[in-house]
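Welcome to this short briefing. Take a look at the structure below, and then we will walk through it together, topic by topic.

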Amino acid sequence: MNIESLKETFQCPKCKGKHPLITEHAIPRSGPGKIPLPILDRYLFFSCSLCGYTETYNLKIIERAEEKVTKPVAQEVRHRGG
Ligand SMILES: [Zn+2]
């Protein structure tokens, strides 16, 4: 799954709109204390341009999935035993 295909397959569950507005947000992870951690989780927000319904995707996961796709497929050498 990548961002482009998410964009293409987006359909608003509320109004069936197919035109999302995509924005990226970095949200600081909240730790147990009140000290803000420097680690940011990045999210992609798909907001329906008709009704405003918003879906959220974790960019870390999307990017990891994209990495897998863009990596060349390792050549496999198979030996077929008879
Ligand atoms: Zn909508």
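Starting at the N terminus, the elements of the protein follow the order α-β-β-β-α, giving two helices and three strands. Here helices (H or I, at least four residues) and strands (E, at least two) are DSSP runs, numbered from the N terminus. Please keep in mind that this is a predicted model, in which local features need pLDDT of at least 70, side-chain atom pairs count only at pLDDT 80 or more, and totals for chains, interfaces and linings use all residues. Residues are numbered from 1 along each chain as its sequence is written.

- The three strands make an open sheet in the order 1-2-3, with antiparallel pairing; two strands count as paired if DSSP finds at least two bridges between them.
- Strand 1 (20-28) and strand 3 are at the edges with a single partner strand each, so one side of each has no neighbour in the sheet.
- From one strand to the next, the twist averages 25 degrees, using axes that are lines fitted to C-alpha atoms (for helices over the stretch in contact) and angles that run from 0 to 180 degrees between N-to-C directions.

**Strands 2 and 3**
- Strand 2 and strand 3 (residues 54-58) run antiparallel and are joined by five bridges.
- Phe45 has Thr56 in strand 3 as its bridge partner.
- The hairpin of these two strands has five residues between the strands, and Gly52 there takes a positive phi near 90 degrees.

**A closer look at Leu44**
- Leu44 lies in strand 2 (residues 40-48).
- Is Leu44 buried or partly exposed? Leu44 is partly exposed, because 19 other C-beta atoms lie within 10 Å, while buried means 20 or more such atoms within 10 Å, exposed 12 or fewer, and partly exposed in between, with C-beta atoms placed from the backbone.
- Beyond its neighbours within four places in sequence, Leu44 contacts Ile3, Ile22, Glu24, Tyr57, Leu59 and Ile62; a contact means C-beta atoms, placed from the backbone, within 7 Å.
- Ile3 and Leu44 are 41 residues apart in sequence, and their C-alpha atoms are 8.9 Å apart in space.

**The protein as a whole**
- Of the 82 residues in the protein, 4% are buried.
- Among contacts between residues at least 6 apart in sequence, 47% join residues at least 24 apart.

Note on methods:
Two residues are in contact if their C-beta atoms, placed from the backbone, lie within 7 Å.
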